[in-house]
Amino acid sequence: MDIDVKEYNSVVLGALLHDVGKFLHRGTPGYEGKHYVASSDFIKDNIGKLKNDLYDIDLVRFLVYHHHNGNDEIENELKSNGKSVEERERILRLVKLIKDADSYSCIERDKADQDKTDKDKRRSPLDSIFSYVNLDVRKVKEESISRYPLNSLNPLRSFPADINLLSDEEIKHLINLFLNNIPDFRQYKRFDDVINVWLNLLEEYTWAVPSDTRYKISDISLFDHLKTSAAVSACLYKRHITEINSNKKIWKRQYEFVFVGGDFSGIQDYIFNITSGETAGVSKRLRARSLFITLFSEIIIHRI
């Protein structure tokens, strides 16, 4: 499997940032247009801090901008940029990969749930999933739905509330915090570090931003959509590297990726089974055991 590591990194980062414009165009001057244009402009405006030799930032921006465009428009731009036939065909396959990852990441929605006309999409908050914990979702009343205020991730301010619309002030404030906290990515020497920094940033500032406001139920955050899109794109690139390298028109669509879920029993017994009668250091041991469970889960994921 002959993988171009820099290209692979560019695809993963492109998938991670492809919809960041959905956040920015809610309340930032210069980003009011289509979300994919806003995502591309964000990269262009911050290119000095975002570029890194570990990936091709120009390719990242191209993938982000064209993940909703047709092949003719994409190919015309590639021609104007002087790309050869082989280069154009390869980049078209990479754009297709981003499109597929985006579609897989949000394909669980029913088309019938789209286009609720009375929604102010720009100021629409994220619905709490707990509002729909019901055997029959049709019985959930509009007035009983809780939604999240828009703020950076904070345990004390991350509970749903009785709100219908976000204010312009809170939208602009959070976007400004996000833009002002983007680090200089040239300092990172490993792509894992780049991805981890981006995941932390996106989780902190987009955890309460709905990924798609076309639906009657908007309970999937932009952070979750971006993270899963990046994960799926990583799988698709490795799965189809033969087709990408050989310019095959038909890709084998079976077994493109696998979701692995797991659990192990006895967690609460392990955490809370502190020797009875001893009080000294109990809180420290509780935290230590809880941390062990968290780290153990992470290690299993990396091992798989």
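The dialogue below concerns aromatic rings and their surroundings.

Tutor: Please note that this is a predicted model, in which local features need pLDDT of at least 70 and side-chain atom pairs count only at pLDDT 80 or more, while totals for chains, interfaces and linings use all residues. Residues are numbered from 1 along each chain as its sequence is written, and side-chain values use heavy atoms, with hydrogens and water left out.

Student: What describes a pair of aromatic rings?

Tutor: The distance of the centres and the angle of the planes describe such a pair. Rings of Phe, Tyr and Trp (its six-membered ring) pair if their centres lie within 6.5 Å; planes under 30 degrees apart count as stacked, over 60 as edge-to-face and the rest as tilted.

Student: How many aromatic pairs does a search of the whole structure find?

Tutor: The search finds 11 aromatic pairs. One of them joins Tyr8 and Tyr237, a tilted pair at 5.5 Å centre to centre with 55 degrees between the planes. This pair links distant parts of the chain, 229 residues apart: Tyr8 lies in helix α1 (residues 5-17) and Tyr237 in helix α10 (residues 222-239). Helices here are DSSP runs (H or I, at least four residues), numbered from the N terminus.

Student: Why is the pair of Phe42 and Trp198 edge-to-face?

Tutor: The planes of Phe42 and Trp198 stand at 75 degrees, with the ring centres 6.3 Å apart, so the pair is edge-to-face.

Student: Is Phe42 buried or exposed?

Tutor: Phe42 is buried, with a relative accessible area of 0%; buried means under 20%, exposed over 50%, and partly exposed in between (1.4 Å probe, protein chains only). Trp198 also counts as buried, at 1% relative accessibility.

Technical notes
Helices (H or I, at least four residues) and strands (E, at least two) are DSSP runs, numbered from the N terminus.
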